Amino acid sequence: MFNERTAIGLDVHARSVRAAAIDTLTGEVIEARLPAGAADVLAWVMQVSARLGPVHAGYEAGPTGFGLARKLEAAGIAVTVAAPSKIIRPTGDRIKTDARDAVLLARLLKMDELVAVRVPTQAEEAARDLVRARDDARTDLLAARHRVGKLLLRRGLVYAKDRAWTGAHDAWLRQMRREGLDGAGPGTLAAFDAGYDAVNSILARRDRLDRDIAAMATDSPFTAVTNRLCCLRGISTLTGFALAAEIGDWDRFTGRTIASYLGLVPSEHSSGGSRSQGAITKTGNTHARRLLIESAWHHKPVYRPGKIMKDRWAAAPAAAAARGDAGNRRLHHRWIVLDAHKKKHTVATTAIARELAGWCWSLAVMT
């Protein structure tokens, strides 16, 4: 809730910051163009505070991160980091400048109309950087493998077996380099070598990041939550740690709201007596949503706890293991019900992921 005398809007960019302060008593507007450094912004905010009394600052979440928010909070300045997608903008306004954006942020802050995002701790940001670097490696590896496969496909070279990128497939690739591309020309050979080297380089990077994540998962603020999340089928140490890092503070949600935060609830357009629901909203944290969708696939096969699952249960409290077992049985039963109703596989997977999010929340908030 906005309780301060002065609202300050900050339009933050990489090389500059446009600031606007509105005195709620007199209506005076003070504007300034500042360097991008947090120290310069803090100094200007403190000057305004010394002149007009208690202030509250706000800026949009973006690529500049949360360092400015932490700096202001450390100085005792109230700060709101606003969700860009929830900022109300006039539909008829066709003029957009940094100065107008700063004033708009100050006015919305004064009216308590900014939807705040949670500022993560530095430990959470460090963990997110690690798991997102691993996700980047996964994406890069997929693209590099596609480039190699499609180069061979254009020459009519297709791997006969179903599973690619195994040891046998790698031997086949090297054989094709020696024999299948003989008459392709030096340009094609150079392109194949570049693609093949890129695959191996990215694979090594991915494996190195996996080891780093495994090490951090055993000794970090996220270890306990990760161990509890791994009691569910389809959630490995990598996935559990990534979910723990991406969500951060699970206590801000409930079993119902966690799915909404992850964009797993249906969109809706209702008016009058009609109600129309559409595809899921896909709002919120895209990384966590993808992990839950992939984990939901694992609940379709018959549920028989094996050694890996029992080892994960042993690493978690007994209550979490029992809760995980109940969740696994429930989610597999839901798959059976959805299959019996002839639901599309994608629809069923999303429904399971939505319920899986609730089970993850119940395990994460356990004490």
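I take helices as DSSP runs of H or I with at least four residues, numbered from the N terminus. I keep in mind throughout that this is a predicted model.

Entry on the end of helix 12. I looked at what comes after helix 12 and found that Lys342 follows, with a positive phi near 60°. I then checked the helix itself, which covers residues 318-340: its 23 residues reach 33 Å from the first C-alpha to the last, close to the 33 Å expected at 1.5 Å a residue.

Which residues of helix 12 are buried? I listed Ala320, Ala321, Gly324, Asp325, Gly327, Asn328, Leu331, His332, Trp335 and Leu338. I noted the general point that an α-helix has 3.6 residues a turn, so residues three or four places apart point the same way. Looking for what covers these buried residues, I found that the cover includes helix 7 (223-229), helix 10 (286-297), helix 11 (307-314) and helix 13 (345-364).

Entry on strand 1. I turned to residues 6-12, where 6 of the 7 residues are buried, so strand 1 is largely enclosed by the rest of the structure. Which strands pair with strand 1 in the antiparallel and in the parallel sense? The antiparallel partner I found is strand 2 (residues 16-23), paired with strand 1 over 7 bridges, and the two form a hairpin with 3 residues between them. Within this pairing I located Thr6 opposite Asp23 of strand 2. The parallel partner is strand 4 (residues 55-60), joined to strand 1 by 5 bridges, and here I located Ala7 opposite His56 of strand 4.

Conventions: Residues are numbered from 1 along each chain as its sequence is written. This is a predicted model: local features need pLDDT of at least 70, side-chain atom pairs count only at pLDDT 80 or more; totals for chains, interfaces and linings use all residues. Side-chain values use heavy atoms; hydrogens and water are left out. Buried means under 20% relative accessible area, exposed over 50%, partly exposed in between (1.4 Å probe, protein chains only). Two strands pair if DSSP finds at least two bridges between them. The expected span of a helix is 1.5 Å times one less than its number of residues. Contact means heavy atoms within 4.5 Å.
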